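Here is a short walk through one protein model.

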Amino acid sequence: MANLADEYGTDVEIYVKALTTTIHADTPTGAPAKLHDLLEQLGLERHEYPTGAPLYIWHTVPEHLGTDEKKRLATRAIPALLLAGYDVNCTPDVFDEAAHRQAVDDARTRADRPAAQHPAPTSSPSRLAPPRRTP
């Protein structure tokens, strides 16, 4: 099995597997678990070969989706991966410009939201200061 992420030196390679309609997301050999977890959170399905002793781990866009929806899901994952610091490559036959723009806008909106502000806890003095005397 070819691993395009190993071959090209990227963290994630998104492409259509030859002679299929399956969109793959290859990660390099030994990729961190948090990268695999992020891909799953973004809607991709994890696969391992051989089962039980993973030597090769890859992800695919769910097959039950229509062709356009598969492309949108794969493309919408790109900004999240980039924001997490990963080097991503996506082939033009998968990339959906409108979905990418929307995902970038969504990421900006999330980043622009002010953090919930919590009032600072009021501290109670451990002991009272003695009254000040004036001469």
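The paragraphs below take the salt bridges and then one asparagine.

The model is a predicted one. Across the whole structure, a search finds six salt bridges. Three of these pairs are described here one by one, with the exposure of each partner.

How exposed is arginine 46? Its relative accessible area is 31%, so arginine 46 counts as partly exposed, since that class lies between the buried limit of under 20% and the exposed limit of over 50%. Glutamate 40 is partly exposed too, with a relative accessible area of 36%. For glutamate 48 the relative accessibility is 31%, which again makes this residue partly exposed.

Another salt bridge joins lysine 70 and glutamate 63, whose side chains meet at 3.1 Å, N to O. Is lysine 70 buried or exposed? Lysine 70 is buried, because its relative accessible area is 5% and the buried class covers values under 20%. Returning to the residues around arginine 46, salt bridges that share partners join Asp37, Glu40, Arg46 and Glu48 into one network.

The next stop is asparagine 3. This residue is found in the segment before α1, the helix that spans 4-8. Asparagine 3 has a relative accessibility of 10%, so it counts as buried.

What does the side chain of asparagine 3 reach at 3.0 Å? It reaches the backbone nitrogen of alanine 5. A polar atom of the asparagine 3 side chain also lies 2.9 Å from the backbone oxygen of threonine 27.

Leaving out residues up to four places away in sequence, asparagine 3 touches Asp26, Thr27, Pro28, Thr29 and Tyr56.

Methods. Residues are numbered from 1 along each chain as its sequence is written. This is a predicted model: local features need pLDDT of at least 70, side-chain atom pairs count only at pLDDT 80 or more; totals for chains, interfaces and linings use all residues. Side-chain values use heavy atoms; hydrogens and water are left out. A salt bridge is a side-chain nitrogen of Lys or Arg within 4 Å of a carboxyl oxygen of Asp or Glu. Buried means under 20% relative accessible area, exposed over 50%, partly exposed in between (1.4 Å probe, protein chains only). Helices (H or I, at least four residues) and strands (E, at least two) are DSSP runs, numbered from the N terminus. A polar contact is a pair of N or O atoms within 3.5 Å; within protein, one must be able to donate a hydrogen and the other to accept it, and residues adjacent in sequence count only if both atoms are side-chain atoms. Contact means heavy atoms within 4.5 Å.
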